Amino acid sequence: MKKTTLAAFALALGLGVQAPAQANLNVLWYNGIHDPFSGQEDASLPNPGAGDPSTAVWNITHWYDGSSMPSGSFNVLVIGSESGSAPGSLLSNLPTFGNREFITGQDADFHLTFGPGATNFDGPRGFLRDAINWAGAGTGLGLVLLSPGEGAISLSSLGITGISGDSGGTESVVIPGAFAGFPINTNLTSAGLSNWHTSSHDNWTSVSSAWTGINTDGGSGFVTLVSADSAGGGIAGTPEPASLALIGAGLAGLAAVRRRKKA
């Protein structure tokens, strides 16, 4: 039998090595006109670092309150916690959001700069990396909305329904065991997402089936909500589990071929 390479064997099975869903993301970041966070965003977030499960690289375009929406094609819109008053163009010119919307009561953009900071992945930096990479791995324009109670943009103004009962803040953010294995929570812990001086400024107690609550206040309040149809989906720059299974099948098949040759 002719020598068979791993690549040739995988291709013969029709497997190959599936590319990540989205290796690079164009991120539109909307914030107040006196934005104190852009330095940290540009310094610590665009490139993967220690503990980051994703290889996605970001191109960040900043959009400030009172200015026209920048032109271009974007994978994700991030609405910062210091969002100010939304210009009309924010509501009238945006395309319809795609299948991945991430809404949280946590103002991780603020805490990225003012503490706990950007040193560790298990904290505001990792929270933002996972959220934005997840939103950018879907179809259409992904949304990451940070602490709407801190800014002046309402959920209804963005066409978001099925979420109500905002009950205030918490110092303790809990990742329930059922959701700890979700890619969007990868390498994050309850301890890392808690005690940010005020960890979450919004907790919602009434949520429709269109949403999945992946982080809670330890009780009935949801700190983080994601669109239910893609809640368990992978994050940009990371192969989906099915891809890894295919690669494993290819390796197993190659090993079998080599054993037969030795026999």
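Good morning. I begin with the lining of the largest cavity, which is formed by Phe102, Phe127, Asp130, Ala131, Ile184, Asn185, Leu188, Ile214 and Asn215. Please bear in mind that this is a predicted model.

How much space lies in the largest cavity? The value is about 40 Å³. The structure holds one cavity of 30 Å³ or more.

Let me turn to the elements behind that lining. Helix H5, residues 124–136, and strand S8 each supply at least two of the lining residues. Which element gives the most to the lining? Helix H5 does, with three residues. In terms of residue class, six of the lining residues are nonpolar, two are polar and one is charged.

I now move along strand S8, which spans residues 211–216 and includes threonine 216.

Is threonine 216 buried or exposed? Its relative accessible area is 10%, and the cut-off for buried is under 20%, so threonine 216 counts as buried.

Two further points describe the surroundings of threonine 216. The side chain of threonine 216 reaches the backbone nitrogen of glycine 218, at 3.0 Å. Setting aside neighbours within four places in sequence, threonine 216 is in contact with Ser172, Val173, Val174 and Pro176, and also with Gly221, Phe222 and Val223.

To summarise, the largest cavity, of about 40 Å³, draws three lining residues from helix H5, and threonine 216 in strand S8 is buried, with its side chain reaching the backbone nitrogen of glycine 218. Thank you.

Definitions and conventions. Residues are numbered from 1 along each chain as its sequence is written. This is a predicted model: local features need pLDDT of at least 70, side-chain atom pairs count only at pLDDT 80 or more; totals for chains, interfaces and linings use all residues. Side-chain values use heavy atoms; hydrogens and water are left out. Helices (H or I, at least four residues) and strands (E, at least two) are DSSP runs, numbered from the N terminus. Buried means under 20% relative accessible area, exposed over 50%, partly exposed in between (1.4 Å probe, protein chains only). A polar contact is a pair of N or O atoms within 3.5 Å; within protein, one must be able to donate a hydrogen and the other to accept it, and residues adjacent in sequence count only if both atoms are side-chain atoms. Contact means heavy atoms within 4.5 Å. On a 1 Å grid over the protein atoms alone, a cavity is a set of points where a 1.4 Å probe fits but cannot get out, and a pocket is an open set with protein on both sides within 12 Å along at least five of seven lines; lining residues have an atom within 4 Å of a point. Grid points are joined across faces, edges and corners, and a volume is the space filled by probe spheres set on the points. Ala, Val, Leu, Ile, Met, Phe, Trp, Tyr, Cys and Pro count as nonpolar, Asp, Glu, Lys and Arg as charged, and the others, Gly among them, as polar.
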